[in-house]
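Biologist: Can you walk me through this model? I would like to start with the ligands and then go on to the fold.

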Amino acid sequence: MANKIKVELSLELAHQCVKCSACRSVCPTYSVVKEERSSPRGRLALAEAVVDGIMPLTEEVVAQWNECAMCRRCEWICPNEVEYKEIMFRARYMGNKELDKKDFVKTTVFTGLSMMGNLITKTAMKFAPSLMQAYGKLFKKEVPEYNAVFLDTGIPKYTKLIPKPTAKPFGLRGKIVKPKKDKKGRLLFFTGCMIDAFYGKTGENVLKLMETAGYEVVVPENIRCCGAPHLYGGNVEAFEKLMKHNKEEIDKYEFDYIVVACPTCGGALKEEYKYPVKDFAEILEEQGYITFKGNGEKVTFHFPCHSYTAMNTNPNTYRNVLKSIKNAEYVEGEQAMMCCGFAGYFSVANYEVATELQKRKVKDLENTQAQYVLSDCPGCVFNIADGMYKHSENYKNIKVQHLADYLAERLVEEETNLR
Ligand code: SF4
Ligand code: SF4
């Protein structure tokens, strides 16, 4: 089957970068490694040299490309509109094809993601909550403050704070919620793998917020992973299969917008699938009359990279929503927009760099003295909670939450005057 996604790294694409170095100031990996090869410009120069035939495609070159978090902050800041994502996934595709180096863990992760939502994973996930519960109890690894267990493998890069799986994995599938009053439109909620598997409550809260905002929302029965991790990793065929499957499912429904609570899914649905997509926070900002009331707490926010890069959501959207909460103080970390170091498999494959970024993120969040650390990406929430547990002495007093959870808990329905 011919690829619908272009995979050839053309001379034209490879030569886009004029090497001004503006992107180095925002690149998380360069900020840690401090070597040109770990900067966007360095990675692009390697791609250019390979395409020009000046340099052979070696494992060392591919390792430099794979050391990138694909946060796309370089693309966001680049004054010359270099299409970094396009260049890098094609470079990785070329590396995967020509070197064909099998990485067992990587293959397992990507295959697992491809299978998310099929009968096998749905059946397997039914046992996950009780297995995790048993592991936590047996090995005394429960972390009740974070509703998680600490999976201690003895191998640092595979040692993680794992949220307890949602009681009903994939439980939102097929749900339809009706607006409380005057329907403003119809949304299709693309839940994403982490909400399906771990953060079902977050998904329910997105539905609650959207119905309060006046929207009917449908959750498709049979969606799979959006495929963004596969595309970013250069695994284009797997991405295309997932996109084909998801489009067939999504096109069965009528909707005005797809709504997301994960900007990586949202970015892929917008840029590759070409659907109209909104983040749930954008809808809340538009429907500015909803009342949220805090308890006098300080809150801070981590801006997921893909929210302002891939999704192109204005960061002020989050600020406006957070500042609208009554009786809560919004404080922003100095590095609130810097990558938290997760980026999926990146944090395993580049453990040292990812851990340094995670530690810096924890420090920056601690410096705000906020009691609540919020974000709008299940992956960032997962990684920041893991980071807090590992690197903060004060983790018991800091709650890490998805923005949807925090807001839904503070929704004052009687003060929310539906128009
Ligand atoms: S990617 Fe853009 S910002 Fe970075 S060096 Fe190239 S032209 Fe400059
Ligand atoms: S995508 Fe992020 S990590 Fe990769 S080169 Fe660009 S700024 Fe650096």
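Modeller: The notes below go through the ligand shells, a sheet, a helix, the domains and one tyrosine.

Biologist: What should I know before reading numbers off it?

Modeller: This is a predicted model, in which local features need pLDDT of at least 70, side-chain atom pairs count only at pLDDT 80 or more, and totals for chains, interfaces and linings use all residues. Residues are numbered from 1 along each chain as its sequence is written, while chains are lettered from A and ligands numbered from 1 in the order in which they are written.

Biologist: Which residues are closest to ligand 1?

Modeller: Cys17, Cys20, Ala22, Cys23 and Cys78 are the closest, out of 14 residues that surround ligand 1. A residue belongs there if its C-beta atom, placed from the backbone, lies within 6 Å of the molecule.

Biologist: And which helix gives the most to that shell?

Modeller: Helix α3, residues 40–51, with three residues. Helices are DSSP runs of H or I with at least four residues, strands are runs of E with at least two, and both are numbered from the N terminus.

Biologist: How does the shell around ligand 1 divide by class?

Modeller: Ten nonpolar, two polar and two charged. Here Ala, Val, Leu, Ile, Met, Phe, Trp, Tyr, Cys and Pro count as nonpolar, Asp, Glu, Lys and Arg as charged, and the others, Gly among them, as polar.

Biologist: Which residues come nearest to ligand 2?

Modeller: Cys27, Pro40, Cys68, Cys71 and Cys74, of the 14 around ligand 2. Helices α2 (28–33), α3 and α5 (73–77) each supply at least two residues of that shell. By class, the shell around ligand 2 has ten nonpolar, one polar and three charged residues.

Biologist: Changing topic, in what order do the three strands of the open sheet run?

Modeller: The order is β1-β2-β3, with antiparallel pairing; two strands pair if DSSP finds at least two bridges between them. β1 (142–143) and β3 (160–163) are the edge strands with a single partner each, so one side of each has no neighbour in the sheet.

Biologist: What is the bridge partner of Val143 in β2?

Modeller: Ala148. Helix α8 (residues 119–138) packs on this sheet and touches β1, β2 and β3, a contact being two C-beta atoms, placed from the backbone, within 7 Å.

Biologist: Is helix α13 mostly covered or uncovered?

Modeller: Mostly covered: seven of the nine residues of α13 (263–271) are buried. Buried needs 20 or more other C-beta atoms within 10 Å of the residue's own, exposed 12 or fewer, and partly exposed falls in between, with C-beta atoms placed from the backbone. The buried residues pack against elements including α11 (228–232), β7 (257–260) and α19.

Biologist: What does the domain assignment give?

Modeller: Domain 1 (11–99) and domain 2 (288–414), with bounds from an automatic or database assignment. Their C-alpha centres lie 28 Å apart. In the contact between them, 13 residues of domain 1 meet 14 residues of domain 2. On the domain 1 side, α2 provides the largest share, four residues.

Biologist: Last one. Where is Tyr351?

Modeller: Tyr351 is in helix α18 (residues 351–367). Tyr351 is partly exposed, with 15 other C-beta atoms within 10 Å. Leaving out residues up to four places away in sequence, Tyr351 touches Pro156 and Lys157. Gly296 is 55 residues from Tyr351 along the chain, and their C-alpha atoms are separated by 37 Å.

Terms used: Axes fitted to C-alpha atoms, helices over the stretch in contact; angles between N-to-C directions.
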